[in-house]
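Please read them with the structure open beside you.

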Amino acid sequence: MIFWKLFYTFLRIGIFNFGGGYAMIALIQNEVVTHNSWMSMQEFVDIVAVSQMTPGPIGINVATYAGYTAIINAGYAFPWAIAGSVIASLSVVLLPVTAMILVTRFLMKMQDKPAVQTMLRILRITFLGLIAAAALLLMTPESFGSPSSDTCQFVISIVIFIATLVASLKFKVSPILLLLISGAAGFIIYGLILPA
């Protein structure tokens, strides 16, 4: 049954998620698009985009929308899709919350030990790799376009990406402001200047 598989899949993702929501994106994509084929890559990219714009942690938002979409794509009605959202959301946080409650007291006592410091340094590198994997995962033809199929969309995407990167790193522009400006630029370019 898809509900049990959804619970088990997101429970596993929650267990192996280190580094926060952006690190979780690659794990979710592998499970819901590649492994289980619950949705297309385009649907997943859309889910990530909506999850970034909605309040709350991105990893849980992606899990919520992915649970909903998986159940809808399996042919179930809306109320069952809501149940899929709840199952995915709760199962992705169940074990991490339990582990944090159990481990926090231990880490607070042991944080000055050399072995714990070494482990934390290794985990920081791992987090960076998972976040980089999530960024590369989203640089697909569905997101950026392709120079062979839609050169105009590809060039516009690259220009917006570079402008956002420079504004963020060099000028320290707020990510919220960058999201609003990028969204407005996308609306103007694709909604008004180059309508489909």
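Which residues of helix 1 meet which residues of helix 4? Find them before you read on; point 2 has the answer.

1. **Overall build.** This is a predicted model. The chain has nine helices and zero strands. Read from the N terminus, its elements run α-α-α-α-α-α-α-α-α. The C-alpha trace spans about 60 × 45 × 30 Å along its principal axes.

2. **Helix 1 with helix 4.** Here is the answer. Helix 1 contributes Ile2, Phe3, Leu6 and Phe10. They meet Ala63, Ala66, Gly67, Ala70 and Ile71 of helix 4. Sorted by class, the residues of this contact are eight nonpolar, one polar and no charged.

3. **Geometry of that pair.** Helix 1 covers residues 2–15, and its axis comes within 11 Å of the axis of helix 4. The two axes cross at roughly 155°. Helix 1 is therefore roughly antiparallel to helix 4. Their crossing is right-handed.

4. **Helix 4 with helix 5.** Now follow the chain from helix 4 (residues 58–73) to helix 5 (residues 78–110). Their axes come within 7 Å and cross at roughly 145°. This crossing is right-handed. On the helix 4 side, the contact is made by Ile60, Ala63, Thr64, Gly67, Tyr68, Ile71 and Ile72. On the helix 5 side, the residues include Phe78, Trp80, Ala81, Ile82 and Gly84. Ser85, Ala88, Ser89, Val92 and Val93 of helix 5 also take part. The contact divides into 12 nonpolar, five polar and no charged residues.

5. **Helix 8 with helix 9.** Look next at helix 8 (residues 151–169) and helix 9 (residues 175–193). How do they run relative to each other, parallel or antiparallel? The axes come within 11 Å and cross at roughly 160°. The two helices are therefore roughly antiparallel to each other. Helix 8 passes helix 9 in a right-handed crossing.

6. **Who touches whom there.** From helix 8 come Gln153, Ile156, Ser157, Ile160, Thr164, Ala167 and Ser168. Their partners in helix 9 are Leu178, Ser182, Ala185, Ile189 and Tyr190. By class, the contact has seven nonpolar, five polar and no charged residues.

7. **The largest pocket.** How many residues line the largest pocket? The lining has 33 residues. Gln52, Phe161, Thr164, Leu179 and Ser182 lie nearest the pocket's centre. Thr164 and Ser182 also belong to the contact of helix 8 with helix 9.

8. **What builds the lining.** Helix 2 (21–35), helix 3 (41–53), helix 6 (114–137), helix 7 (141–144), helix 8 and helix 9 each supply at least two lining residues. By class, the lining of the largest pocket divides into 21 nonpolar, 10 polar and two charged residues.

Notes. Residues numbered from 1 in each chain as written. Predicted model: local features only at pLDDT ≥ 70, side-chain atom pairs only at ≥ 80, totals over all residues. Heavy atoms only, no water. Axes fitted to C-alpha atoms, helices over the stretch in contact; angles between N-to-C directions. Helix = DSSP H or I, 4+ residues; strand = E, 2+ residues; numbered from the N terminus. Parallel < 35°, antiparallel > 145°, perpendicular 65-115°, else oblique. Left-handed = near helix turned anticlockwise from the far one by under 90°. Contact = heavy atoms within 4.5 Å. Nonpolar A, V, L, I, M, F, W, Y, C, P; charged D, E, K, R; others polar. 1 Å grid on protein atoms, 1.4 Å probe; cavity = no way out; pocket = protein on both sides within 12 Å on 5 of 7 lines; lining within 4 Å.
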